Amino acid sequence: MPEDELMPPDPPKGLKGRLNAMPGRPLLLIAVGVILAILLVFAPGSCSGVDIEETQAIATARAELDAHPDAFTPDKTETKVLRQGFPPTAYWVVVFTVRDPEGDTEDFLHHAAIWVHAGTGEIREVQVSGTGGG
């Protein structure tokens, strides 16, 4: 029996050689590719895009409500940053309400939801409902 058959093969040299010799190499490459794609798509928009302060968003939304044909004077104002779309875009959602004194906690005489782009301050959407909304 020749001595070559008894000797184990030389280990691969370098990172590329070790990766090529791995039995699960295709799965590793797919996992790395998916992780990189997720980072490239979601990381840039996840921490940025909110250049407009909350008070500015409220002032912009209030001016839009005052100019609306169904305008009203709100009793309560709520704000929240939401991200929508792909890749995600940040919006301030400003909600103005007037509660129905005779209804449940979810009943409103007036309700308005105004979407303000958190990066530019532009109005995206205005939803105003009058009596009976809830």
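The following paragraphs walk through a predicted model, from its overall layout to a few side-chain arrangements. Local features are taken only where pLDDT is at least 70 and side-chain atom pairs only at pLDDT 80 or more, while totals for chains, interfaces and linings use all residues. Residues are numbered from 1 along each chain as its sequence is written, and side-chain values use heavy atoms, with hydrogens and water left out.

The protein chain has four helices and four strands, where helices (H or I, at least four residues) and strands (E, at least two) are DSSP runs numbered from the N terminus. Their order from the N terminus is α-α-α-α-β-β-β-β. Of the 134 residues in the protein chain, 20% are buried; buried means under 20% relative accessible area, exposed over 50%, and partly exposed in between, with a 1.4 Å probe and protein chains only. Among the contacts in the protein chain with a separation of 6 or more, 45% are between residues 24 or more positions apart, a contact being heavy atoms within 4.5 Å.

Helix α4 covers residues 54–67. Its 14 residues should span 20 Å at 1.5 Å a residue, and the end C-alpha atoms are 20 Å apart, which agrees; the expected span is 1.5 Å times one less than the number of residues. The buried residues of α4 are A57, A61 and L65. Viewed down the helix axis, these buried residues fall within an arc of 70 degrees, so they line one face of α4. The arc is that of the directions from the helix axis to the C-beta atoms. The buried residues of α4 pack against β2, β3 and β4 (123–129), whereas T55 and A67, on the other side of α4, are exposed.

Helix α4 also holds one of the two salt bridges found in a search of the whole structure. A salt bridge here is a side-chain nitrogen of Lys or Arg within 4 Å of a carboxyl oxygen of Asp or Glu. R62 pairs with D66, with the closest N and O atoms 3.2 Å apart. Because they are four residues apart in helix α4, R62 and D66 are separated by about one helical turn. R62 is partly exposed at 30% relative accessible area, and D66 is partly exposed at 46%. Another salt bridge joins E78 and K76 at 3.7 Å, N to O. E78 is partly exposed at 40% and K76 at 35%.

K76 is also among the residues touched by T97, as are F72, P74, D75, F108, H110 and H111, leaving aside residues up to four places away in sequence. T97 lies in strand β2 and is buried, with a relative accessible area of 2%.

The ring centres of Y91 and W115 are 6.2 Å apart and the planes stand at 70 degrees, so the pair is edge-to-face. Rings of Phe, Tyr and Trp (its six-membered ring) pair if their centres lie within 6.5 Å, and planes under 30 degrees apart count as stacked, over 60 as edge-to-face and the rest as tilted. Y91 is in strand β2 (residues 89–99) and W115 in strand β3 (residues 108–117), so that the pair links parts of the chain 24 residues apart. Y91 is buried at 12% relative accessible area, and W115 is buried at 12%.

R124 meets both rings of this pair. Its charged end sits over the ring of Y91, 4.9 Å from the centre, and over the ring of W115, 5.1 Å from the centre. A charge sits over a ring if NZ of Lys or CZ of Arg is within 6 Å of the ring centre and within 35 degrees of the ring normal.
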